[in-house]
Amino acid sequence: MNNDSDEYLVSEDNTIRDVLQVFQTTSSKNLPTGIAIVIDNSNKVIGSISEGDIRRALLSDFKLDQKIGSIYEKNPICFSEEYSYKEIIEKIPHELQKRNRKSNRYLNKIIITNESGALDKVLGYQNWLGLMKLNLKAE
């Protein structure tokens, strides 16, 4: 895991306020923002929480100091660091359809995990599209 990845990490016991701080921190560091990664005690990715999740919770009368345990996405789409960018783009529609997501082609943030399931990095759609174009040119 690289140091920037640490900025995204939260646990089920963190609060909505804590997640908003993650969004602020990642934004101030020019990292892809609007997502926090929920991990367990062994640092394995077990979920994600987005700005949309936070917005829906606040509109449902959750308070800033409430824990995120009941509002985060417990079935996040993650890709192994072993996949090429081309393989990831080919897998996205299937993963979205499998989870009945609204879009069947677009994933705003790409969560990359290592072999033990820990967070390796978060790529914003624009960042990773640029990387993919470079990768395709190299093939």
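In this predicted model, Ile 110 faces Leu 123 across a pair of strands, with Leu 123 lying in strand 6. The pair in question consists of strand 5 (residues 109-113) and strand 6, which run antiparallel and are joined by five bridges. Helix 4 (residues 85-98) packs on the sheet and touches strand 4, strand 5 and strand 6. The direction of helix 4 makes about 145° with that of strand 4.

The sheet itself is open and has three strands in the order 4-5-6, with mixed pairing. Its edges are formed by strand 4 (78-80) and strand 6 (119-124). Each of these has a single partner strand, so one side of each is left without a neighbour in the sheet. From one strand to the next, the twist averages 30°.

Between strand 5 and strand 6 the chain forms a loop, and Asn 114 lies in that loop. Is Asn 114 buried or exposed? The relative accessible area of Asn 114 is 15%. Residues count as buried when this value is under 20%, and Asn 114 is therefore buried. Leaving aside residues up to four places away in sequence, Asn 114 touches Glu 81 and Asp 120. Asn 114 and Lys 44 are 70 residues apart along the chain, yet their C-alpha atoms are separated by 9.3 Å.

A second open sheet of three strands has the order 1-2-3, and its pairing is mixed. Strand 1 (9-10) and strand 3 (45-50) stand at the edges of this sheet. Because each has a single partner strand, one side of each is left without a neighbour in the sheet.

How do the strands of this sheet pair? Strand 1 and strand 2 (residues 35-39) pair in the parallel sense, over two bridges. In these bridges, Leu 9 has Ile 37 of strand 2 as its partner, and Val 10 has Val 38. Strand 2 and strand 3, by contrast, pair in the antiparallel sense, over five bridges. Ile 37 also has a bridge partner in strand 3, namely Ser 48. The hairpin of strand 2 and strand 3 has five residues between the strands, and there Asn 43 takes a positive phi near 70°.

How many of its five residues are buried? The count is five of five, and the strand is mostly covered. In a regular strand, the side chains alternate between the two faces of the sheet. In strand 2, Ile 35, Ile 37 and Ile 39 lie on one side, while Ala 36 and Val 38 lie on the other.

The crossing of helix 2 past helix 3 is left-handed. On the side of helix 2, the contact is made by Ile 16, Val 19, Leu 20 and Phe 23. Helix 3 contributes Glu 51, Ile 54, Ala 57 and Leu 58. By class, the contact comprises seven nonpolar residues, no polar ones and one charged residue.

Which residues of helix 3 are buried? They are Gly 52, Asp 53, Ile 54 and Ala 57. Ile 54 and Ala 57 also belong to the contact with helix 2. The cover over the buried residues of helix 3 includes helix 2 and strand 3. Just after helix 3, Asp 61 takes a positive phi of about 75°.

With these parts in place, the protein chain can be viewed as a whole. Its secondary structure comes to five helices and six strands, which follow the pattern α-β-α-β-β-α-β-α-β-β-α along the sequence. The chain has 139 residues, of which 39% are buried. Among contacts between residues at least 6 apart in sequence, 59% join residues at least 24 apart. The accessible surface of the chain comes to about 8,200 Å², and 44% of that surface belongs to carbon and sulfur atoms.

Technical notes
Residues are numbered from 1 along each chain as its sequence is written. This is a predicted model: local features need pLDDT of at least 70, side-chain atom pairs count only at pLDDT 80 or more; totals for chains, interfaces and linings use all residues. Side-chain values use heavy atoms; hydrogens and water are left out. Helices (H or I, at least four residues) and strands (E, at least two) are DSSP runs, numbered from the N terminus. Buried means under 20% relative accessible area, exposed over 50%, partly exposed in between (1.4 Å probe, protein chains only). Contact means heavy atoms within 4.5 Å. Accessible areas come from the Shrake-Rupley method with a 1.4 Å probe; for residues, only the protein chains shown count as cover. A crossing is left-handed if the near helix is turned anticlockwise from the far one by less than a right angle, and right-handed if clockwise. Ala, Val, Leu, Ile, Met, Phe, Trp, Tyr, Cys and Pro count as nonpolar, Asp, Glu, Lys and Arg as charged, and the others, Gly among them, as polar. Two strands pair if DSSP finds at least two bridges between them. Axes are lines fitted to C-alpha atoms, for helices over the stretch in contact, and angles run from 0 to 180 degrees between N-to-C directions.
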